[in-house]
Every structure is written in C-alpha cells, then in structure tokens.
Amino acid sequence: QTVDTSDWVCEFCPFRTGHQADFEVGVGSVSDDSAYFDNASGLGEEGVIGIVDGSGGFSSDGQQVEWTLEDLGLDARFAELSGGRQGSYGYLLSYREIPQRKFITTDTIFERSGPGELSLPAGWVRAGSTGGFSALASSLRPRDIESDRSILGIGGRYSARSPFSAFANYRRQQHEGTTILGGASFSTSSLLPVSFDYTTDEVDLGVRYAMQNGFLSLAYYLSDFGSAGNAFSWENPFASIAGAESGQLAQPPDNRFQQLRFAGGFGSRATGSHLSFTAAAGRIDQDALLLPYTTNGSLDTALPRSALNGEVDTTNFAATFTTRAIDNARVKVSYRFDERDNKTPREVWSRVITDSFVSGDSEQNTPYSFQRLTLSMSADYDLLDALRLSGGWGRRTVDREFQEVANQTEDTGWGRIRWRFRQVLDIEARGGIAKRDIDRYSERVAVQMQQNPLLRKYNLAYRYREFAEIDIHASVPNRPVSLTINGFYADDSYSESQLGMVSGDDLRFTADLNWAISDRTSVYLSTGIEEISSEQLGSESFSTADWRANNDDDFLTYGAGLRFLDIGDSIDLHLDYTRSEGTSRIDMVTASGGPSRFPDLETTLDYLYARLAYRRSERLELAATLRYQRFAMDDWSLDDVGPATVPQVLTPGAEAYDDKVLVFGLSFIYRVGNAAGSNRN
Amino acid sequence: ASDNAGSQTPDGDYSRKGADTCLACHEDAVTLAIFQTKHAVPGDARSPFGHGQLQCEACHGPGDEHSGRVRRGEDRPPIISFSDLYATDTSVENAMCLECHDDAIGLGWHAGMHSNDEVACADCHNSHAARDAVLQTATQAQVCYDCHQRQRTESLKAFNHPMLQGKMDCSSCHAVHDENVGTELVRQTVNDTCLQCHAEKRGPYLWEHAPVSEDCGLCHAPHGSNHPGMLTRRGPLLCQSCHSQSGHPSIPQDANGLPSGVPSQFLLGQNCMNCHSQSHGSNHPSGSKLMR
C-alpha cells in the first residue's frame, strides 16, 4: 500500500531536541552496620550517605548522547554514557562497582606478611587442637570478609545503510578482596582470610550481513582471566610434623577462552517458517607455572612438567526450525550439540599429603570431557479459536569420559492444553514425564575412585521424573485488574540407586494480583510458596545403606505495594513491603546415632520501601525515601561456633546474620531542559 | 511517499495528517513520551517518525477509520493497540514490531520460548517510555518477574545474585530473543555464561571436579538459595550425595556434631570445605583431593 505522507508535517510533535537532564541530590543516613545489606547495595555502613543520581541526554536530529548516574554516593555506583547517530553508529561507556560483603563479625590470628602470605602473630603457641591455643584470645584481630567488583565497559556499533553492520565490545572486570579458604594440615585446618585480585578482560567482536529474508553473522569472543598471584601460603597454627609448619594453596590459574561463532537465520513469511542456526568453536587454555608438590623441602620431588598446558576445545552446533505452514498448527524442531573436549595432557603425579607425607600413590589427572546432544520436537494445534493442544518429545544424550556412566539418555514427553476465554481467562496446564536411562553404572570406575560401588551420583543415575504445571491468568473485562497464578510440581525417583539421592519433590505456587485502580493509583499483592524435599541414603559401614537423610526446604514470600500518583496534582507516594521466610529441616537416621534432627535453618527477610515525592514545580521535586530492612538467620553451622569451638578447625568465628538497617534520605530532583509536552496551544 | 511494504499490515486507509491527526486527541503525557524515544527521531530515516515514514500509524496501523467521526453511542473503530486493556491479537502486535525489528532479533525470536508462548513484544517493552524499564538494569528484573514469578520468589531467598538490589539484570545471563538458538542464554552453555563473571573457575585445572566442568547448576541454584554460596543443599549432605569413600566421606554427620555435642569438623564452619577448599578444582600438583 502506497501512502502519500507529503502532508504529514508533524507540527504538533514535541520532538526531543537539545539538552535534558534530571538530577537527584540529597543526603541520607544508615542506622547500623550490616554486611548483609551492604552487600551489592552499599547501604550497610552506619553513617551519612550522599544521594547522587541523574540521567539525561542531548539530542539533535539523530545525534544523541545519553547518560545515567546511579548511587554515586554509595559503594554500589554506576555511570553510563552512550550515544551516536541513530541508524548509523553508536558507542557506550559504562562503569559499575558492586560491593560484595560477607562477614563483618570475623576475626583472625593471621597477619599479612607479604603478597599471598599469612604468618602467625608473635608469641603464638602451637598446639595439637584449638583448645590448646593459649595465645588465641590475645591474637585475634577483626578481619572483614569482603570484596569489590568493578566492571568497565566500552562498546561501539556501526550500522550504516548497507547490509553490513558491526559491533565491538570490551569489558574489564576486576574483583579484589578477601575470602575464606580452608588451609588443611594433616588432620587439622585453619579457615584463612585469603586475599585475591582477579582481572577478567572480555572482547566481543562481530559483523552481520542482512538479506531480504535472513541474516548471517560472524562473531569472536575472548575472555582472558588473570590472577595477581598463583599461590597462597600460610603458617600452620597447629602443631605439625617437622617440615610441615607451613602450607601452600594454589590460586586459580590464569586462563583464556576464545570462541568463534557463525550464526544465521532465514524466514519465509509466506509459510511462516523460520530456520535459525549457530555454530561455535572455542578453545580454553592455561599454561600457568605449577607450584612444587610441597613447601616441605624434605619431601619435594621433581614434577612431571613445569606447567599444565591445559587445553580444552569446545564445539557447539544448534539449529531450530519452526513452521506454521499447516493451518492452525505450529511445529518446532530443535537440535543442539555441545562438546567439551579436554585435551589437557595426562601425567602421573606423586602427591604430598598436606605438606606432611608422600602419599606413595601414583595418580593420573583426569581431564573430563563430554558430548551433549539434545533433540526436541513439539507441535501446537489450535483445535478451536480458544483451545490449543500441544505436545512434545525431547531426547538428551550425554557421553562422558572418566566417569562412572559413559552414556546417558533422557527422554521427555509432555502435553499441554491452553484454553482462552475472550480476554478474561487464560488457563494453561502442562504435564509430562522424563526418564533418564544409562548404559550402565561402571562399578569398576567407582572402585577406582574408592567409591562405594552401590552409590549412584544424582547427575549420573537413572531417574524417573513426573512433572505438571498450571498457569491461570484471569482479568476483569475492560478493567485493569488481573490475577495470575502458577503452580508447579515435580517428583523425581532414583529407583535404581541404593546409595545417594533416592528421591526429590519440588512443589511451587505463586500468585499475583494487580489492580490499576486509576491512571494514578495502583496496588498489587503477591505471594510465593516453595517446598523442596529430597531423601538420600548413605553407608558408614561401606556396604548397604545404613543411614538416611531427609532435606526439606520450605520458603514463603509475600508482598504488597501501592502507587499513588499526582495526589493533589503534586504528590507521588510509592510503598512496597516484602517478607520472605525460609526454613530448612534436616532429619537423619543413622546406625550409630539413631534418629536425630538438626535445629531448623531459618531465614527471615523484611523489606519496606516508601518514597514520598512532592512536585513543587515542573522542574523541582522534593523526595523523602525510607528503607527498612531486616534479615535474621538461625544457622547451626555458624551459631555458637567461635574460633576454638571445633578442636580440629580454627574458624574465623563468623556469626549468623541478625541485621537491621533503617535508611532515610531527603533529596531534591531538578529537571533541566525540555520535558515532553504537547506542542498544541 | 512511503512504501508500506508489510504484507501483514492491517488493511484500511491511513489518516490524512498522520501524527497530527492522532495528537488531536492523544495528548497525554504517556503518549507524548514517545517523542523522547528512539522511535521518534526524524533524522533516522528508519525510525517511525523518520522522514516519509508512517509516524504513529507505523506501529498502530491505518488510522483513518479510527480517527473519523463516530455517531453518538457507537464505539470508535479499534486500532492496533499494545495495551492489555484494548486487545489486539498478539500475532498482529508482534508482526508490527517485527516489520522493522525482524532483521535484528526476529529470526532468533521465532526459535525461542517467548515466541512459542505467544508473548507479545509489548508485554516486556514499553515503546512509549523515555526509558524502557526492561532495558534498564535497575528495573529489568521486575518486568521479567511479572511472568517469571517463580524466579521472583527465588530472588527473595537469602543468598542471591544482586537482582533485588538492581545491580544485575536477567539479560546478563539470558538472551530473551534467543540469539544462541535453543539455550536462551547469552553464551553457548550454562558454564560459558557463568564464567563470564566467574572466570577464575574456568580452569582447565590439573585436578578437575567433574560436575564443575559440566554444569554449575549441578550444585548451585543460580536464581537464589537459602544456603550460603547459592548451593542447592547444605553441606556435607550435598557432597555426600556423590562422595561415599570409606572413612569420613561416608560417615553421617548428625546433630550430635553441633557445639552442644561433640563439635564436628565435618559439619561446622565450612563443613567439607574446611579442608577440601578447592571445590572448583585445583592447579596444585598435590591437589588431587582438592585440599591445595
């Protein structure tokens, strides 16, 4: 259809031109220190905070610049600048910092004596167990377990009026801080505050060629990881045999992943058919120099090689074909192949056990490889205008090396019915079964790994799964009220496993109610329930099952919120409240101890957010913001576990979270430039 | 003059004055916000408001009948609407978007789950918003959670990626237009995706931990967990699902190992990882037991 648009002058169109910006500046206060709430948000350090946010841009007939500032006054800050000429080229520059906070309740005796080195404090008295650490109390010093991640991104794209377009993106992530790692000696261990400094550089480059009914693209990806050190050593606070007074851990090795990807897609509108495909070939390599077997000079021997020269080739093929060529039907066929081919050389190694003894065993490294193939088919058929029937089948096979199961095949069949009653009700029910079979569980391989031959690892074992899901979406006709409900159930049975995971159930339910009472007022209610349970069997006699553990994780969340906009034409109110409660129960029955139940692992999170904004003029707004956050946790792995509670392990004494933070802020928002408004007078 | 080539464009006559006709009635702030967006850039010939383009009717379809006179009591003839309130069939809505965006995202889109489930582009995107919430990291997850309620529930668990704080978005991991065909992930596999940010776990290590090499999801719940480290279950039971060697790996650790009983090094602190701390693999020649 040819349309004469010569009179379409768009004189009432308030196009964006010139500068525009919103700045929000203010101050706030944080009531308490909290690692949990400082994590990722920067809102967990008691004191005054600055509120600095903004966004804006410049536009002039296709030339655009956009910028965003978020939380500049906090440790979790973000800035982004993007721009270009629309339809021609574009660029992006971004920077984000994310604080990662774990514990501010931890202590350590260790002192940093150099990069990647921890030493004992002066006057330390070694002992065979933590109970004998006479200098412990006087040696403990606070050491927070935290890190900071910063992400710098630079990107550009070019899409001139030709079939070709191109993009180039670079991202650098730096992650630096302290984590806890166990440093084991022969029968004891120290949880160490280990410093790390990681840098990952990523590059994405690509070109794309567009055709009448399709495209082809070629892309390159590089991920280059580097660690500031390749080792971490510490002085052993426990009494040890001669020569094992210190230990050394390997830091993650520098590595590099490169991948070339070719992709394309073709479609036919006439038949409603589309074919998409991708093919990728990649390589991971790492040639970091290996550490010696031990720092114990009397036990060290020559390594079979000085660097691993690890190398993994990856291959991925995928294709999907969809068609609506048959009336009232849609058919989809998908194929996917993923391979990890670990070509790392195998050698025989002579392990030194925790710098104390030569193991005497010759051990070969096992470079794991796998091939994974997925084939699926599905069809949807509109039996009536409002009734759709669907069904599908899928097969997934996995071939592995050096593992107990060489070949695993999982077949999944499912059916679905969807009924839509006008715009009022949309119900979709889906159910199916999946049967995961294996060629055989090699007890020979299991025994080589010194495993109980009756154990079946849950990712390798035979599994039969039944699942069902229902979605209901109901609306009031021509009213902005909607109710959405989802229910999901899955039942896993590992009926051929005598040891290991034997069953698992997963039951989930969610519901949302949304009501836009008017253009200016809306409310919502939401809830979610999860019950995840599993049962596993073990054998302390190294024969048939003689102990059982049942895990039950229950989780409940509910929330509500409302928005009142333009109250008296000048006030906006925004309220959100969410509460979530988690309970994990572990019941055990053992041959040696009988039935026992762990104290419940409990978490409770409350989150209240309120913002009141007063619009003094078109350009000036004043805002008051309040956040109340509380997180409480009962965790038997941390509760009452001080540095010397466990005789064989020196712990940092981390406490389970019981954090409460009130954040209050006052700010003003000032708008610069033109806002969107009618050009009609 | 513009050649409106879309074969799926609804029939009907276009208005006489384009957007000026529409704005005679639709002069509310929500509608006018379109002029703050990339859809309304006269300098871009491919934009709906580019020179010679169909302006509002590029997306909403021919509007002559809709904008004409209506007798009292009669309903105004409908136009293509992207609102939940005024229903237009999803396939018609999406066809309007794909008229222009088919090349960029459409061919992956047709292969993906969202297309299969008849999700409308406008279910996620608000093309009239100056800043589309689904394209902003701070707000994207809330848009996705409108449908992905289970993931929203999981996001409220105690240990999580920083979604709730708005510092990470779903599209950090998920390619919702399914560019990689059949994975809905931004990289080819789950592990390739996780390793974008956790590259220190890539190895290849001298001593690998088999599940780590294959699928991070075998031990971790990426949408949230009530167990530290976003693990699917607590140690040591998680580890004992697969490790049954004679000696301490096969010995059950029950509540007698808590501080009120005989504190157990296999249970408290970091349980198995008190000693086997290199659970993602070790590059140490003596690290076969992941203790170095």
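These legends accompany close-up views of a predicted model.

**View 1. Arg351(A) in its strand.** Arg351(A) sits in strand 21 of chain A, which spans residues 348-353. Its relative accessibility is 9%, so Arg351(A) counts as buried; the cut-off for buried is under 20%.

**View 2. Polar contacts of the Arg351(A) side chain.** Within chain A, the side chain of Arg351(A) makes a polar contact of 3.4 Å with that of Glu363(A). Another polar contact, of 3.2 Å, links the side chains of Arg351(A) and Ser288(B).

**View 3. Residues around Arg351(A).** Leaving aside residues up to four places away in sequence, Arg351(A) touches residues of chains A and B. From chain A come Tyr293(A), Phe357(A), Val358(A), Ser359(A), Asp361(A) and Glu363(A). From chain B come Ser286(B), Ser288(B) and Lys289(B).

**View 4. The second largest pocket.** This pocket has a volume of about 230 Å³. Its lining comprises 13 residues. Nearest the pocket centre lie Arg16(B), Lys17(B), Asp20(B), Thr21(B) and Ala24(B). Helix 1 (19-23) and helix 4 (64-67) of chain B each contribute at least two lining residues. By class, the lining of the second largest pocket holds seven charged, three polar and three nonpolar residues.

**View 5. Confidence along chain A.** Chain A has a mean pLDDT of 94. In this chain, 99% of residues reach 70 or more. Confidence in chain A is lowest in strand 1 (residues 2-3), where the mean is 78. Strand 36 (residues 649-650) of chain A has the highest, at 98.

Technical notes. Residues numbered from 1 in each chain as written. Chains lettered and ligands numbered in written order. Predicted model: local features only at pLDDT ≥ 70, side-chain atom pairs only at ≥ 80, totals over all residues. Heavy atoms only, no water. Helix = DSSP H or I, 4+ residues; strand = E, 2+ residues; numbered from the N terminus. Buried < 20%, exposed > 50% of the residue type's maximum accessible area, 1.4 Å probe, protein only. Polar contact = N/O pair within 3.5 Å; in protein donor to acceptor, adjacent residues only side chain to side chain. Contact = heavy atoms within 4.5 Å. 1 Å grid on protein atoms, 1.4 Å probe; cavity = no way out; pocket = protein on both sides within 12 Å on 5 of 7 lines; lining within 4 Å. Points joined across faces, edges and corners; volume = space filled by probe spheres on them. Nonpolar A, V, L, I, M, F, W, Y, C, P; charged D, E, K, R; others polar. pLDDT = per-residue confidence, 0-100.
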